[in-house]
Amino acid sequence: MLRSDAVKNDFLYEYYCKVEDDNERKWAKKDFYTFISNQDNIFILAHSKPVGYLKARVIRDEIEIISILIDKKFRKIGIGKSLMYKLLNIALKKKIQNIFLEVSVENLIAINLYKKFNFIKVGKRKNYYYQNGRHLDANIMRLTLF
Ligand SMILES: CC(C)(COP(=O)(O)OP(=O)(O)OC[C@H]1O[C@@H](n2cnc3c(N)ncnc32)[C@H](O)[C@@H]1OP(=O)(O)O)[C@@H](O)C(=O)NCCC(=O)NCCS
């Protein structure tokens, strides 16, 4: 690895950790490095300051959104939407037709965001998440771009 790559990776990991704050489920450095060193994976920064990020991956002719997270202090001011626009641009440049994701059926804020971009529900995964001692279903949502 070149020194400049190492500096860039360190910067990105620090950025990621600041947005995750003290989330105990955040990725370890080595897992994060493995992720960003794969050319099929996408890590988008919301801003030069660590206010939010979007992680996604290209799987054949589709993009899967893995996670989108905005620092609580910076929510509801359009940053989530700006990250989604950046992802759409990447998808169009790569000529990718479909973007999909899983979202908890109870995460109405995120569902609203995805609906705003014309994602539609195409399926459900039973008991996909386990949170605070409860199993939760996930909606599978898809956006077809062209
Ligand atoms: C979901 C999340 C990424 C939205 O980010 P954000 O920067 O606050 O979103 P924006 O300000 O760009 O708002 C985008 C849309 O989301 C919806 N939305 C945002 N906040 C909302 C709220 N409090 N209540 C209802 N809808 C809301 C609205 O549809 C909004 O569009 P509008 O402002 O034109 O009405 C953010 O709340 C977050 O990080 N949540 C925790 C992590 C998470 O749940 N990620 C998704 C996992 S699948």
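These legends walk through several close-up views of a predicted model.

**View 1. The whole protein, from end to end.** Welcome to the overall picture: the secondary structure of the protein consists of four helices and six strands. Starting at the N terminus, the elements follow the order α-α-β-β-β-α-β-α-β-β. Along the principal axes, the C-alpha trace spans about 45 × 40 × 30 Å. The radius of gyration is 16 Å, which agrees with a compact globule, because 146 residues packed that way would give a value near 15 Å. Buried residues account for 18% of the 146 residues. Among contacts between residues at least 6 apart in sequence, 52% join residues at least 24 apart.

**View 2. The largest nonpolar core.** In soluble globular proteins, nonpolar side chains tend to be buried together. Here the largest nonpolar core has 24 residues. Which residues have the most contacts inside it? They are Leu 54, Ala 56, Ile 65, Leu 83 and Leu 87. At least two core residues come from each of α1 (3-20), β2 (52-59), β3, α3, β4 (98-104) and β6 (134-144). Strand β3 gives the largest share, five residues.

**View 3. Ile 65 and its partners.** Zooming in on one residue of that core, we meet Ile 65. Leaving aside residues up to four places away in sequence, Ile 65 touches Leu 54, Ala 56, Ile 99 and Leu 101. Two of these partners, Leu 54 and Ala 56, are also listed with Ile 65 among the residues with the most contacts inside the core.

**View 4. The surroundings of the ligand.** The ligand is surrounded by 18 residues, and the closest are Arg 75, Gly 80, Lys 81, Asn 112 and Leu 113. Which elements give two or more residues to this shell? They are β3 (62-70), α3 (79-93) and α4 (108-116). Helix α4 provides the largest share, five residues. Sorted by class, the shell has nine nonpolar, five polar and four charged residues.

View 5. Strand β5 covers residues 120-131 and is hardly covered by other parts: among its 12 residues, the count of buried ones is zero. β5 pairs with β6 in the antiparallel sense, over eight bridges. As one place to look, Tyr 130 stands opposite His 135 in β6. The hairpin has two residues between the strands.

**View 6. Two asparagines with positive phi.** Where is Asn 132 found? Asn 132 is in the loop between β5 and β6. Its phi is near 50°, a positive value in a residue other than glycine. Asn 132 counts as exposed because it has 5 C-beta neighbours inside 10 Å. Asn 118 lies in the loop between α4 and β5. Although Asn 118 is not a glycine, its phi is positive, at about 70°. Is Asn 118 buried or exposed? Asn 118 is exposed, because 11 other C-beta atoms lie within 10 Å and the limit for an exposed residue is 12 or fewer.

**View 7. Ser 37 in a loop.** Our last stop is Ser 37, in the loop between α2 (29-36) and β1 (41-45). Ser 37 has 11 C-beta neighbours inside 10 Å and therefore counts as exposed. Asp 5 is 32 residues from Ser 37 along the chain, and the C-alpha atoms of the two residues are separated by 9.5 Å.

Note on methods:
Residues are numbered from 1 along each chain as its sequence is written. This is a predicted model: local features need pLDDT of at least 70, side-chain atom pairs count only at pLDDT 80 or more; totals for chains, interfaces and linings use all residues. A residue is buried if 20 or more other C-beta atoms lie within 10 Å of its own, exposed if 12 or fewer, and partly exposed in between; C-beta atoms are placed from the backbone. A residue is near a molecule or strand if its C-beta atom, placed from the backbone, lies within 6 Å of it. Ala, Val, Leu, Ile, Met, Phe, Trp, Tyr, Cys and Pro count as nonpolar, Asp, Glu, Lys and Arg as charged, and the others, Gly among them, as polar. A nonpolar core is a set of buried Ala, Val, Leu, Ile, Met, Phe, Trp, Tyr and Cys residues joined through C-beta atoms within 7 Å. Two residues are in contact if their C-beta atoms, placed from the backbone, lie within 7 Å. Two strands pair if DSSP finds at least two bridges between them. The radius of gyration is taken over C-alpha atoms; the globule rule is 2.2 Å times the number of residues to the power 0.38.
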